[in-house]
Amino acid sequence: GGESLGQIRFTDTYYDTIDCLLASKDEWLRQRDDAWELKIPTGEESRSGGERTSFREIEGGHQVGLELRRRHGFDLKENEQIG
């Protein structure tokens with residue numbers, strides 16, 4: 001057994017475009033409490049169902065917005081794209 005060091009609670013809210021663009025590319029955009037995070041695949045390693053196993057995580061609204069614009073042509077400020 002181990003010793004409990006306490007509990008930490010957080011809330012994750014996941015976002016995607018209406019046509020599920022991010023999920024179709026195995027990318028995951030979430031807001032953990034007030035912090036934005038974007039997980040993008042780093043390689044071709046995958047599980048038997050095709051899901052990727054290795055990701056790079058980008059943190060912070062500014063950096064996440066820049067990466068979304070670079071990869072997909074929109075950022076966090078363009079609310080009609082993300083919901």
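Contact is taken here to mean heavy atoms within 4.5 Å. The structure is a predicted model, in which local features need pLDDT of at least 70 and side-chain atom pairs count only at pLDDT 80 or more, while totals for chains, interfaces and linings use all residues. Residues are numbered from 1 along each chain as its sequence is written, and side-chain values use heavy atoms, with hydrogens and water left out.

Apart from residues up to four places away in sequence, R30 touches D12, T13, Y14, A35, W36, E37 and E57. R30 belongs to strand β2, which covers residues 28-32. Helices (H or I, at least four residues) and strands (E, at least two) are DSSP runs, numbered from the N terminus. With a relative accessible area of 10%, R30 is buried. The term buried means under 20% relative accessible area, exposed means over 50%, and partly exposed lies in between (1.4 Å probe, protein chains only). The side chain of R30 makes polar contacts with two of the residues listed above: one with the side chain of Y14 at 3.1 Å, and one with the side chain of E37 at 2.5 Å. A polar contact is a pair of N or O atoms within 3.5 Å; within protein, one must be able to donate a hydrogen and the other to accept it, and residues adjacent in sequence count only if both atoms are side-chain atoms.

The largest nonpolar core consists of ten residues: L22, L29, W36, L38, I40, I58, V64, L68, F74 and L76. Two or more residues of this core come from each of β3 (35-41) and α2 (61-72). The most is given by β3, with three residues. A nonpolar core is a set of buried Ala, Val, Leu, Ile, Met, Phe, Trp, Tyr and Cys residues joined through side-chain atoms within 4.5 Å. The contacts of L38, not counting residues up to four places away in sequence, are W28, L29, R56, E57, I58, V64, E67 and L68.

Strand β4 spans residues 55-59 and includes F55. F55 is partly exposed, its relative accessible area being 28%. Beyond its neighbours within four places in sequence, F55 is in contact with D26, W28, K39, I40, P41 and T42. The C-alpha atoms of F55 and G43 are 7.7 Å apart, although twelve residues separate the two in sequence.

Side chains of opposite charge can pair when their charged atoms come close. A salt bridge is counted where a side-chain nitrogen of Lys or Arg lies within 4 Å of a carboxyl oxygen of Asp or Glu. The count by this rule is nine salt bridges. In one of them, R71 pairs with E27, and the closest N and O atoms are 2.7 Å apart. R71 is in helix α2 and E27 in the loop between α1 and β2, so this pair ties together parts that are 44 residues apart in sequence. R71 is partly exposed at a relative accessible area of 32%, whereas E27 is buried at 3%.

E67 and R56 form another salt bridge, with the closest N and O atoms 3.5 Å apart. This pair links distant parts of the chain, since E67 lies in helix α2 and R56 in strand β4, eleven residues apart. E67 is buried, with a relative accessible area of 10%, and R56 counts as partly exposed at 40% relative accessibility. E67 also meets R70 in a salt bridge of 2.7 Å, N to O. R70 and E67 are three residues apart in helix α2, so about one helical turn separates them. R70 counts as exposed, at 57% relative accessibility.

Phi of C20 is near 60°, and that of D33 is about 55°. C20 is placed in the loop between β1 (12-15) and α1 (21-24), and D33 in the loop between β2 and β3. C20 is partly exposed, with a relative accessible area of 41%; D33 counts as partly exposed at 43% relative accessibility.

In the segment after α2 is D75, which counts as buried at 15% relative accessibility. A polar contact of 3.4 Å joins the D75 side chain to that of R69.
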